[in-house]
Every structure is written in C-alpha cells, then in structure tokens.
Amino acid sequence: MKSELVERLEGRTLFTALVSGFSEETVVSGLLRPTTMTFAPDGRLFVSQQTGQLLVVKNGATLPTPFVTLDVDTPGERGLIGVEFDPAFATNHYLYVFWTAKTPTIHNRISRFTADPANPDVALAGSRVDLVDFPTLSANVHNGGSMHFGPDGKLWVALGENANPPQAQDLTVPFGKMLRFNKDGSIPTDNPFYAQTTGVNRAIWAYGFRNPFSFGFQPGTGRLFINDVGQDTWEEVDEGVAGANYGWPLSEGKTTDPRFKGPLYTYKHVGDEKASGGVIIGGTFYDPPASAPNKLPASFTGKWFFGDGTGRYVKLLDPANPSAEPLRFAERLTYPVDFDVAPDGSLYVLSRDGGYSQTVEPGRVLRYTYTATDAPSVGTPPEARATAEGDPVTFSVDASGGVPLAYQWQRNGVNIDGATAAEYTLAAPTLADNGAQFRVVVSNVAGSITSPAAVLTVLAGHSPVPVITAPADGGLFTGGVPFAFAGSATDAEDGPLDPSKLSWTVTYFTGDLERPAMPDTAGITSGSFTPDTVTPYLLTDVKYRVRLTATDSSGLSKSTFVDVLPRTADITLTSNVPGIDLSLDGVPHEAPYTVAAVAGLTRPLSAPVRQTIDGVVYDFVGWSDGGAAAHALSTPEAGGTYAAEYRARVGTGTGADLTAAVVDAPTAAVVAGQGGRAVVRVTNAGSATFNGKVPIDLYLSTDAVLDDQDGVAAGVTKRLKLAPGASKTVAIAFDFPTVTAGSYYLLAEADAGNLVPEADESNNDAAAAATTPIEAAAIDMSGTFAGTFGAAEPQTLNRRKKVSAVLDLTNTGNTAVTGSLAIAFRAVGADGTTPIDLATVSPKVKLNPGATKRVKLKFALPDALAAGTYTLRAVIDPEGAFAETNTANDTVTSAGTFTVA
C-alpha cells in the first residue's frame with residue numbers, strides 16, 4: 001500500500017513525515033523516561049515515568065503532583081512500565097500498575113490503587129493492594145510489562161523472558177509468556193495450563209515470546225495482537241491463541257514447524273536498522289467512540305497501529321489482509337513506545353528520545369488529527385503537456401483525502417487499462433495523439449472526484465537534447481564542499497541552444513523523500529552548489545539530484561539529471577572503559593559503537609561526566625580529539641575514531657577522608673539559566689591531615705541521591721588544609737542549567753575529579769535538606785502606546801517628515817531581555833482588517849523581569865501610502881527572535897488616528 005508522506009519540520013533533530021491530511025502537535029513535553037500512557041474514562045491522560053511517577057495530564061497540562069510515586073528499580077527496562085484502569089473505574093475507582101519493586105528482591109509486581117474520591121488526581125492514602133509478585137529478575141532487559149483488560153473482563157499481562165531465552169519455553173516460570181489473571185490477582189481456572197502448573201505459572205495463557213513489548217484486543221472481534229521484539233533478524237506481530245507456543249528461542253519469524261504458531265505479520269532487519277526497523281514496540285487498535293469529533297478516516301477503524309524504535313516509524317496493519325505491506329503512517333519519530341486513542345478520536349503517541357535502555361530520555365506526548373476531509377480532493381490536477389513525436393510524456397495528479405486513495409486514468413473519458421497510479425506515462429505518443437485529453441478519477445471509501453482534463457499536444461520535430469557534463473552521475477559530495485555543475489543543449493531544428501533556454505535545479509533526497517535544495521535557476525550553463533553541513537537527517541541514504549531542463553523555440557522541453565552520492569566513512573566511538581554510554585546526535589550508544597556517516601556533516605558528540613558500571617564510578621577525563629564532554633564534530637572524509645577517556649574512583653587508603661554537604665542553597669524559586677549561590681561544607685572525616693587542592697562539584701537531583709542521571713551545575717577547585725574532624729565552608733556562585741521545571745535537591749561532591757587519595761570514596765557527597773524550585777526561562781514582551789504622536793489627535797502627517805511614536809515596553813516574563821528588539825509599525829485603514837507595513841525599527845533594550853521602559857521611535861511614512869485616515873499599530877518582535885512564550889500580546893493598537901493628505 002503506497003502512502004503520501006508530508007514532512008513537518010519541528011524544533012528537534014529530525015524531520016517528521018506524516019500521511020497527507022494529518023497534523024501533529026505536542027501535548028506534553030519534558031517527560032523523564034516515559035514508558036506508557038492510558039486515558040481514564042473521564043478523559044484525563046495518565047503517563048508513567050520509568051522512574052516511578054504516574055503523572056496526570058489534565059486540560060493539556062501535567063499536574064505538579066503525581067497520582068502516585070513508587071520506589072522502583074530503574075536500570076534497563078525496569079521501573080514503572082504498565083498502567084491500566086479497571087473497567088468499572090467510574091464506580092470502584094481502581095487503577096492497576098506494573099512496576100519493579102526493590103524488596104525483598106528486585107522483581108516485578110502488579111499493584112492496585114484507589115483514586116481519592118475527594119481528589120481523583122491522586123491515589124487514596126493507604127489504598128495500595130499488591131496483587132501479584134513475579135519471581136526475582138536476573139537481567140534488566142526483556143521485561144515486558146504491557147497490561148490490559150480483555151473483552152472477557154480478565155487482566156492480561158505480557159512478560160519478557162528476562163534475557164534468558166530458555167525461560168520462554170519453560171512452563172515452570174512466567175517469563176516469556178502472555179499471562180491472564182482475574183482482576184483481584186487470582187488466576188482463572190480455565191487458563192490452558194492451569195492443571196499442569198502451580199502458583200503464578202497457572203496464569204500462563206501462551207508462551208514462547210522473547211519480549212512482548214505491547215499488545216491489544218481488536219474491538220468487536222476480540223482478536224489479540226502481540227508485538228514481540230526479535231533478536232537478529234525478525235520483528236513479529238503475533239495473533240494470540242490460547243495455549244499456543246510462539247517458538248522463541250527455537251524459532252524466530254515465519255516457520256513451518258508444526259510445534260509453533262508463526263507470526264501474523266513479520267518484517268526483517270535489512271542493512272541499517274534505522275531505515276528498516278529493528279525494535280517493534282508500541283501498538284494499539286484504532287477504535288474511536290462513535291460520537292468522537294476528531295476521528296481519523298473510517299478506513300483506519302479496526303486497524304493495528306504499531307511503531308518501531310530504531311526505524312523511527314509508525315505503520316498501520318490491516319488485520320483482514322496482514323500479508324499486504326502496512327501503510328506507513330509516520331516516519332522519523334523518536335522511539336514511539338506507546339499508542340492510545342483519545343476520547344475525541346485523535347491518535348496519541350508517546351515518544352521517548354533515545355533508546356529504551358538508556359538512562360535519560362526526555363519524552364513527549366504527540367497528538368495526531370485528521371485535517372483533511374474524508375472525501376478525496378484534487379490539489380494539483382494534470383497539466384497540459386506538449387511533446388515531440390515519440391518522446392514519452394507523463395501526467396500526474398496531487399490528491400488528498402482519506403487514505404488509501406485509488407486512481408484510474410482516462411483518455412477522452414475512457415478508462416486506460418492498468419493506469420491506476422498517481423502518474424500515467426504515454427510511452428511513445430504519435431501525431432494521432434495530438435489533442436487527446438487525459439484525466440484521472442480519484443476515489444476512496446468516502447467518495448470519488450474526477451480531475452479536469454489535460455490536453456496533450458504532439459508536435460512534429462524533435463525535443464531538445466540537454467547534456468550535463470559535470471558533475472558525473474554517481475559522483476561523491478562532502479558536506480560544506482562546493483561541487484560544480486555544467487551543461488548545454490542542442491536541438492535538431494534550432495542547433496545549440498542559448499543559455500537563456502536552460503534551467504537548473506538541485507534537490508535533496510533523504511530516503512524516498514525529495515525536497516528543494518537550489519531553486520530553479522535559468523540563463524546559465526554552469527554554476528556551483530554547496531551541500532549543507534547541518535541536516536536533521538543523518539542516515540547515509542541521501543543524494544543530491546542535479547537537473548538540467550532545456551526548452552526550444554517551439555516550446556518543447558526535455559530534462560536530464562545526474563545524482564551526486566554521499567562520500568561516507570565510519571565514525572567509531574570507543575572508551576577505555578567497556579560498556580560506557582556515549583551519545584552521538586543526542587542518542588546514547590554503548591561503546592564501542594560504529595556507524596556509517598556522511599562526510600562533512602556537523603554532528604553533536606557527548607559523553608556523561610560520570611557513569612557507574614558494575615558498582616564502579618567513572619569520571620570523564622577527555623575526548624581523543626581534545627573536545628569538551630559535549631562538542632560538535634565534522635565527519636572526516638576518511639572517518640575516524642573518537643575515544644572517551646574515563647578514570648575510576650579508587651581510594652588509596654592514606655587516612656584522609658573528605659565529605660561534603662550543602663549547608664545553604666536557594667529555597668525560593670529560581671529561573672533556569674540565571675545565577676545562584678550555594679555554600680558547601682567540606683569535612684575531613686579521616687584520621688590524617690589533608691592539605692591540597694579539592695575539586696568540588698554541585699549537581700541537581702530529583703531524589704537527593706547522586707547517580708548517573710544527575711547533571712553538573714557548577715564546579716570549583718579549592719586549596720584546603722583540614723585536620724582530622726575539621727570543616728571549612730566554600731561559597732560557590734553559578735548559573736542554574738537549563739532543566740525541566742520542577743523541584744531539585746542541590747548536591748555537593750568533594751574530590752569530584754578523583755584527585756585526592758582517600759580510603760573511602762562512598763561518602764564524598766550529600767544533598768541540601770530542602771529542594772530548590774526551578775522555573776523554565778520564559779521571555780514575554782508586551783507594550784502599550786504611551787503617546788502615539790506627541791500631539792493632539794487626529795492630526796495630518798506629511799510623508800516627507802519623520803513620524804514620532806512613544807511605546808511603553810514591558811517584560812512580563814521571568815528572564816532578562818538584552819539586545820535589539822524589532823518593532824514593526826503598520827497602518828490600518830477604515831476597513832480595520834488589512835494592515836499596511838510602514839517601517840521596522842530596532843531599538844536596543846535591557847529589561848529585567850517585570851520592568852517597563854519607555855522608548856521614543858521615529859520612522860518615515862512610505863511614499864506609496866494612499867491618502868486617508870489610519871490607526872497606528874505596532875508589532876513587537878515580529879520576527880520572533882526572542883522566542884516568547886506568549887506572542888498574543890505582541891500587537892498594540894493606538895487609541896488615536898492620523899490622516900495622510
């Protein structure tokens with residue numbers, strides 16, 4: 001099934017491509033390691049964070065207090081990873097969660113909470129009931145955790161094999177299984193293995209899964225679809241059957257072995273997994289309420305949405321025809337971990353930046369709505385074409401509407417056999433085809449439309465012959481390095497064509513998508529083009545297409561093109577410590593990691609300042625290229641290896657033992673990016689005097705415990721002399737980093753660089769007792785006219801004299817504004833609707849939060865301004881350079897009027 005994809009350029013590092021007719025919006029951003037989401041019956045959205053917080057999104061905003069916060073184990077795929085509402089939630093207020101508990105051993109657990117009747121946005125105190133405890137975990141991946149109520153009223157749970165493949169075939173453990181419980185945690189006696197198993201294993205309903213990441217029941221039919229993440233070769237969508245064995249690890253992908261049930265749909269890892277996909281994750285059936293106002297096209301109902309993490313796409317599988325290629329609904333999403341259908345019929349996708357097993361992945365909730373009408377419409381109809389006898393000619397149409405769209409081309413009103421695509425090519429027109437009319441009928445389930453007809457003109461004679469002499473077809477490009485293009489054209493009747501008859505374009509292909517790179521440029525026989533060095537698309541399946549079009553004196557045109565391919569090389573990230581996570585393009589990878597890259601592209605490279613592996617703390621020392629922990633690299637044509645050096649913290653037992661504690665930190669709200677101050681007390685808890693330099697770092701933490709997720713806020717090095725038991729305080733001034741708004745503990749760590757020989761490294765840090773609220777930096781400029789012209793109004797103004805205007809500018813945000821502020825003046829005539837641009841001025845301003853400043857500005861009226869009476873309007877920052885949080889208050893209209901004679 002072919003789909004038309006339209007790109008949405010967002011404020012991130014990727015292009016998002018959607019099926020035509022859909023729009024994407026961000027509902028919630030800044031989520032910390034989100035795992036799943038589900039709508040409450042009353043329309044609230046509950047989003048779980050792997051770190052244990054179950055957040056409530058209400059009226060488009062995340063409530064500051066979580067519904068519940070659990071003390072979870074979070075490495076890898078552990079944590080809070082499953083949420084489901086009781087079918088009778090409206091009366092019993094029950095909500096179920098799947099989470100990784102720390103005690104008495106690290107294991108997964110299903111618990112039930114009751115919403116507080118007085119405030120249903122939080123759990124009722126003391127309402128937790130633990131229903132099911134699973135066996136102790138041995139690994140931190142292949143955890144599963146998806147959980148739903150089935151049409152039978154039972155609670156279904158998918159559990160991964162915990163990175164121990166034989167467990168998927170073992171009926172004495174629940175790992176690698178689809179499980180079925182009663183809602184109170186007991187086990188239905190009609191489960192297929194109830195009689196031959198004991199304990200929690202009686203819940204096994206089907207087995208042989210590797211990592212069943214998500215599943216869902218098709219409304220109406222009750223069919224169960226399960227997304228099972230494969231290993232080296234295949235990803236699967238399996239249809240659930242009671243008692244079935246799905247083969248893992250004895251089988252993966254399609255099978256003819258009668259012992260196993262093969263997948264309903266499968267796809268193979270081919271080449272670069274980022275293109276083909278390699279991790280099938282989120283999934284849901286599309287089933288909107290009958291009265292939903294924002295339903296997707298009717299053809300989507302009952303279909304299975306699924307997402308691939310490494311492929312970064314969302315597809316739509318037709319359960320009635322699973323062998324057909326699924327519709328590619330969206331591309332270049334970042335790890336779409338969960339899907340849900342909102343009460344209004346729109347599709348919600350939970351996107352998690354980075355890989356699921358990494359430590360920090362900010363996430364977003366995205367909403368997809370259908371903006372086109374269901375019935376098809378023709379945007380660009382077929383255009384009249386002129387061609388020479390024998391030259392192929394192509395007609396095309398641009399249509400939109402509910403997908404899938406069907407096409408049927410007609411010649412002079414009669415269907416053309418086999419012409420059922422968006423383009424139709426007549427291979428060898430003759431003079432007898434002159435005057436023929438071509439049109440297309442576009443249809444879908446909602447109706448059909450017939451395009452206007454395009455007339456074909458076939459001329460005797462010959463089309464011009466364009467020839468590109470440079471660059472060579474298949475030549476190579478490097479980002480930032482210009483390449484030349486040159487060519488000419490001849491015509492059998494006109495001879496060599498003048499440059500004015502030539503036109504050049506350059507387009508950029510990323511995968512199958514083509515976008516403009518150099519606009520149509522006419523009148524030249526040669527030129528040059530410089531490939532970009534920064535692009536959101538970072539795979540190697542790219543190229544530039546150089547196209548030359550020639551037009552002769554009779555109006556006949558012909559084009560030719562060459563493709564310039566990328567010069568590629570391998571980038572390798574390594575470290576002296578195996579298993580260190582290093583980030584390229586904002587995505588963490590476990591070192592060593594090698595990726596093919598386009599030469600000359602600028603790409604962000606970063607290494608955490610601290611990582612803990614197998615209980616050992618490692619501090620970042622430096623990159624082999626001399627760059628900072630986070631810096632940009634330009635891919636060399638020959639490729640390169642970038643090695644991150646880390647140093648382990650190992651005490652030497654000299655008797656000195658430094659500890660640190662924050663004894664004074666801001667408790668009132670501060671703004672990210674603005675300055676603050678903290679006081680750290682350093683104590684020598686050892687038995688020997690310390691005399692030397694001590695690195696001291698400050699960190700922000702959400703849980704008062706220093707770990708790999710906490711970022712450095714500031715650092716100093718102080719020379720201290722401390723006798724055993726002595727303390728000294730150190731004042732540290734710093735700017736608060738840009739973080740998600742919230743409350744943070746400020747932690748201090750002495751000997752952050754591991755330079756002091758100590759016997760005990762475990763007590764080097766401590767947190768402030770109280771948290772510091774941090775607000776997101778926000779700029780918001782507004783203004784009023786304080787005295788529009790400095791004279792009585794209305795008044796008659798002369799176009800040749802300067803006009804004076806007085807504005808009071810106010811910074812209503814929480815961040816200081818410094819720099820040039822653009823102000824556009826416009827005149828509004830008697831109709832009150834059509835503004836006329838007068839002038840733009842750029843006064844320099846410095847405004848602290850809450851401050852107001854009066855500015856006097858002058859500009860000349862344009863000579864072309866017609867006589868009449870006008871109101872003056874000012875638009876503050878029309879270019880949007882300040883990235884304000886609210887632009888609705890940027891436009892100010894004066895109370896008075898002026899007249900132009």
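1. Two strands count as paired if DSSP finds at least two bridges between them. Helices (H or I, at least four residues) and strands (E, at least two) are DSSP runs, numbered from the N terminus. By these rules, β57 and strand β59 (residues 675-684) run antiparallel and are joined by 6 bridges. Ala661 stands opposite Arg681 in β59.

2. Some notes on the source. This is a predicted model, in which local features need pLDDT of at least 70 and side-chain atom pairs count only at pLDDT 80 or more, while totals for chains, interfaces and linings use all residues. Residues are numbered from 1 along each chain as its sequence is written, and side-chain values use heavy atoms, with hydrogens and water left out.

3. The pair in point 1 belongs to an open sheet of 3 strands, ordered β57-β59-β62, with antiparallel pairing. At its edges are β57 (658-664) and β62 (727-735), each of which pairs on one side only. On average, neighbouring strands of this sheet are turned by 30 degrees against each other, direction ignored; the axes are lines fitted to C-alpha atoms. Strands of a sheet pair through backbone hydrogen bonds, either parallel or antiparallel.

4. Now the whole protein. Its secondary structure comes to 2 helices and 75 strands. The C-alpha atoms fill a box of roughly 95 × 85 × 60 Å, taken along the principal axes. Of the 901 residues, 52% are buried, where buried means under 20% relative accessible area, exposed over 50%, and partly exposed in between (1.4 Å probe, protein chains only).

5. Contact means heavy atoms within 4.5 Å. Among contacts between residues at least 6 apart in sequence, 63% join residues at least 24 apart.

6. Which strand holds Phe46? Phe46 is found in β5 (residues 45-49). Phe46 counts as buried because its relative accessible area is 1%. Leaving aside neighbours within four places in sequence, its contacts include Met37, Leu54, Val56, Phe67, Phe85 and Leu95. Phe46 and Pro519 are 473 residues apart in sequence, and their C-alpha atoms are 47 Å apart in space.

7. Val670 is found in strand β58 (residues 670-671). Is Val670 buried or exposed? Val670 counts as buried because its relative accessibility is 14%. Setting aside neighbours within four places in sequence, Val670 is in contact with Phe736, Thr772, Pro773, Ile774 and Glu775. Thr420 lies 250 residues from Val670 along the chain, and their C-alpha atoms are separated by 62 Å.

How values were computed. Axes are lines fitted to C-alpha atoms, for helices over the stretch in contact, and angles run from 0 to 180 degrees between N-to-C directions.
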